[in-house]
Number of protein chains: 2
Amino acid sequence: MANLQDVAKAAGVSKTTVSRFLNGSLDLPAKTAEQINGAIRALNYKPNPHARRLSLGRTDTIGLIVPDIATPFFATLVAAVEEEADARGKALALHATLNRRDREFSYIDLVRQGHADGLIFITNHQGDPALAERINGAGPCVVVDEDVVGAQVPKLFCDNYEGGRLAGRHLAQAGHRHVLFIGGVDEMISGQRRFGGFAAGMAEVGGPDCMIERATGAYTFDAGRAAAREFVARPRDNRPTAIFASSDELVIGLYEVLQATGVSVPEDLSVVGFDDVGPLHLFAPAVTAVRQPVRDLGRRALCLLLDPPALSEGTKLPQEELLPVTLVERASVGPPARTAL
Amino acid sequence: MANLQDVAKAAGVSKTTVSRFLNGSLDLPAKTAEQINGAIRALNYKPNPHARRLSLGRTDTIGLIVPDIATPFFATLVAAVEEEADARGKALALHATLNRRDREFSYIDLVRQGHADGLIFITNHQGDPALAERINGAGPCVVVDEDVVGAQVPKLFCDNYEGGRLAGRHLAQAGHRHVLFIGGVDEMISGQRRFGGFAAGMAEVGGPDCMIERATGAYTFDAGRAAAREFVARPRDNRPTAIFASSDELVIGLYEVLQATGVSVPEDLSVVGFDDVGPLHLFAPAVTAVRQPVRDLGRRALCLLLDPPALSEGTKLPQEELLPVTLVERASVGPPARTAL
């Protein structure tokens with residue numbers, strides 16, 4: 001089989017030139033490129049060890065199952081896994097389940113049948129015993145972002161509780177005592193933790209008498225719009241003075257309706273977001289938000305899959321691992337609005 | 001093999017309840033859910049025809065290769081393909097190439113070896129003969145979004161020329177005669193067409209003496225930032241009065257630098273974007289942009305792959321198909337700024 005040296009010799013260039021041309025880090029004049037491509041064709045050269053392994057029929061492939069590829073959060077997470085896979089010479093097969101049980105089952109089966117080296121699994125709804133069982137039978141697997149109770153595999157989440165707590169403390173420090181939490185269907189553990197931390201953070205700073213309302217809903221534009229419409233329909237003297245919208249999509253839906261109805265942020269209402277993957281820094285006004293370490297989540301997920309931590313003595317289940325979050329302060333939080341108008 | 005009726009009977013619920021529970025459209029009390037899951041486990045029921053086909057080892061799988069999954073444009077396009085695949089009972093295997101030749105080759109090989117039903121291929125750099133050859137040997141395939149010259153397969157793009165033309169006419173109608181086009185590495189056909197249409201649109205309205213500058217660069221945040229920094233470094237009396245930034249990422253990078261350096265849009269500078277997939281409507285100020293029909297691109301790509309159009313008589317090559325674009329007017333375009341300051 002022809003090697004890189006053969007191609008370089010036939011094309012009349014250096015090995016380094018061929019290598020850099022093939023990995024895309026070097027742009028060559030069309031003539032030189034054609035010489036290299038001609039040599040590759042003539043010698044039937046397989047461009048790199050990765051491609052060669054694939055062409056020999058071994059997998060070296062990781063399966064990655066996500067609920068929804070269209071949201072920037074999942075898209076960015078997937079990109080980070082892809083980059084880490086590339087660094088480790090692995091291929092990645094992605095599957096989007098549209099957050100439906102039947103497609104989750106199908107894709108877990110597909111990954112198993114493909115004899116992949118392992119599976120990174122992300123759901124965005126409440127797990128159930130049948131799903132946990134499927135995961136437990138899927139071979140090497142890591143559950144990321146949202147828990148599947150009963151899955152006995154390593155788990156990796158951002159520190160949702162601490163993220164909620166940061167948001168709660170920040171709003172209470174700005175003087176807010178009556179606030180609204182939007183997001184998380186009741187059963188989602190990420191949402192429970194964000195809410196639990198939020199309530200704790202408010203109480204730590206604002207004392208036990210804070211009034212914390214909750215509007216549950218999926219992490220979607222529509223749920224953000226719906227919560228905003230409910231907010232503006234309320235009498236002005238009985239509105240919360242701040243909203244913690246616990247995903248980028250919720251913030252976007254919320255902002256749309258607030259702008260359309262003339263509610264000024266932060267003069268009339270303070271807003272804190274969660275995720276901070278989209279371009280919230282360019283919004284009017286720029287959104288203060290808890291930032292998830294989404295690229296770290298992706299990279300770390302692949303590391304956990306390929307190099308699972310040893311279980312400590314006497315431990316039966318892998319530990320869950322939490323990555324730290326940060327609060328990014330911008331321009332959407334101010335003191336509580338006066339209700340008199 | 002157990003069917004839906006068996007599960008329903010064993011769980012003591014209706015077939016409809018089981019079906020809706022499995023496709024995620026019905027939330028049930030925990031006890032009922034556990035009855036259904038118990039019945040599924042006991043009977044080893046495979047949830048739906050799609051899963052059953054997969055478990056029999058047939059593929060019914062489409063391969064989708066994209067350069068970069070992290071940008072909202074590609075993420076949304078992929079989601080649209082996934083939804084169409086779901087409607088047609090197909091599974092989808094996505095692969096992100098990081099826009100590198102070697103990974104494009106590897107993934108095309110991987111899809112072929114997986115005996116997928118077909119391939120939807122998207123690159124974001126200049127195609128070359130070796131890539132075209134690989135595509136031509138890959139079985140049923142559709143090339144989408146960016147051309148690969150020499151690939152003899154159906155091709156689907158948005159109408160890049162018309163999109164550029166709409167932007168050019170709009171800016172010229174607002175009075176601009178000295179403008180800057182940002183984006184598209186020289187070799188990319190999408191970029192050539194956007195620029196060609198832009199120049200034509202400016203000339204149609206503004207006459208032959210318009211001054212059109214061009215800053216080429218990849219469709220990235222960094223290229224947008226770099227072009228903006230060059231803009232602000234110029235003497236005020238020799239600046240273009242409007243910029244056409246030909247991707248969402250370019251607009252975001254551009255806006256960041258303009259805000260940081262105190263350039264007001266549209267008072268000091270008008271801006272038109274391209275793609276309009278991200279939340280540009282919430283930016284300060286909201287961005288006027290040419291909107292790509294990104295979901296239509298995704299859906300149509302799968303249709304072209306599964307139901308390729310018949311070649312008309314005497315035609316050897318499949319036609320390329322263009323989807324229409326629209327201009328969404330918001331708040332980032334005004335009359336040219338006075339240069340005197």
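Predicted model: local features only at pLDDT ≥ 70, side-chain atom pairs only at ≥ 80, totals over all residues.

1. In which helix of chain A is A:His170 found? A:His170 is in helix H8 of chain A, residues 160-173. A:His170 has a relative accessibility of 13%; the limit for a buried residue is under 20%, so A:His170 counts as buried. Setting aside residues up to four places away in sequence, A:His170 touches A:Val272, A:Thr288, A:Leu327, A:Glu329 and A:Val333.

2. In chain B, B:Val272 deserves a point of its own. B:Val272 is placed in strand S9 of chain B, and with a relative accessibility of 0% B:Val272 counts as buried. When neighbours within four places in sequence are left aside, the contacts of B:Val272 include B:His170, together with B:Ala167 and B:Leu171. B:Ile243, B:Phe244 and B:Ala245 are also among the contacts of B:Val272, as are B:Thr288, B:Ala289, B:Leu327 and B:Val333. For a distance across the chain, take B:Gly150: 122 residues separate B:Gly150 from B:Val272 in sequence, and their C-alpha atoms are 33 Å apart.

3. Helix H9 of chain B runs over residues 189-206, 18 residues in total. From the first C-alpha to the last, H9(B) reaches 25 Å, which is close to the 26 Å expected at 1.5 Å a residue. The buried residues of H9(B) include B:Ile189, B:Ser190, B:Gly191, B:Arg194 and B:Phe195. B:Gly197, B:Phe198, B:Ala200, B:Gly201 and B:Met202 of H9(B) are buried as well.

4. What do the buried residues of H9(B) pack against? They pack against one helix, H8 (160-173), and against strands S6 (178-182), S7 (211-215), S8 (242-245) and S9 (270-275), all of chain B. Strand S9 of chain B is also where B:Val272 is placed.

5. The end of H9(B) leads into a loop. B:Gly207 follows H9(B) and has a positive phi, near 85 degrees. B:Pro208 is found in the loop between H9 and S7 of chain B. Is B:Pro208 buried or exposed? The relative accessible area of B:Pro208 is 76%, against a limit of over 50%, so B:Pro208 is exposed.

6. Next, a helix pair in chain A. Helix H1 (residues 4-11) and helix H3 (residues 30-43) of chain A pack with their axes 8 Å apart, at an angle of about 125 degrees. H1(A) and H3(A) are therefore oblique to each other, and their crossing is right-handed. H1(A) contributes A:Asp6, A:Val7, A:Ala10 and A:Ala11 to the contact, and H3(A) contributes A:Gln35, A:Ile36, A:Ala39, A:Ile40 and A:Leu43. By class, the residues in the contact of H1(A) with H3(A) are 7 nonpolar, 1 polar and 1 charged.

7. A helix pair in chain B can be set beside it. Helix H6 (residues 101-113) and helix H7 (residues 129-136) of chain B have axes that come within 10 Å and cross at roughly 10 degrees. H6(B) and H7(B) are therefore roughly parallel to each other. On the H6(B) side the contact is made by B:Glu104, B:Phe105, B:Ile108 and B:Asp109, and on the H7(B) side by B:Ala130, B:Leu131, B:Arg134 and B:Ile135. The contact of H6(B) with H7(B) has 5 nonpolar and 3 charged residues, and no polar ones.

8. Some backbone values call for a check. Most residues other than glycine have a negative phi, and most peptide bonds are trans. A:Asn99 has a positive phi of about 60 degrees and lies in the loop between strand S2 (91-96) and helix H6 (101-113) of chain A. At 25% relative accessibility, A:Asn99 counts as partly exposed. In chain B, phi of B:Asn99 is positive too, near 60 degrees. B:Asn99 is in the loop between strand S2 (91-96) and H6 of chain B and is partly exposed, with a relative accessible area of 26%.

9. Where are the cis peptide bonds to note? One joins A:Ala284 and A:Pro285, with omega about -10 degrees. A:Pro285 is placed in the loop between strand S9 (270-275) and strand S10 (288-291) of chain A. Another runs from B:Val265 to B:Pro266, with omega near 0 degrees. B:Pro266 is in the loop between helix H11 (248-260) and S9 of chain B.

Notes
Residues numbered from 1 in each chain as written. Chains lettered and ligands numbered in written order. Heavy atoms only, no water. Helix = DSSP H or I, 4+ residues; strand = E, 2+ residues; numbered from the N terminus. Expected span 1.5 Å × (residues − 1). Buried < 20%, exposed > 50% of the residue type's maximum accessible area, 1.4 Å probe, protein only. Contact = heavy atoms within 4.5 Å. Axes fitted to C-alpha atoms, helices over the stretch in contact; angles between N-to-C directions. Parallel < 35°, antiparallel > 145°, perpendicular 65-115°, else oblique. Left-handed = near helix turned anticlockwise from the far one by under 90°. Nonpolar A, V, L, I, M, F, W, Y, C, P; charged D, E, K, R; others polar.
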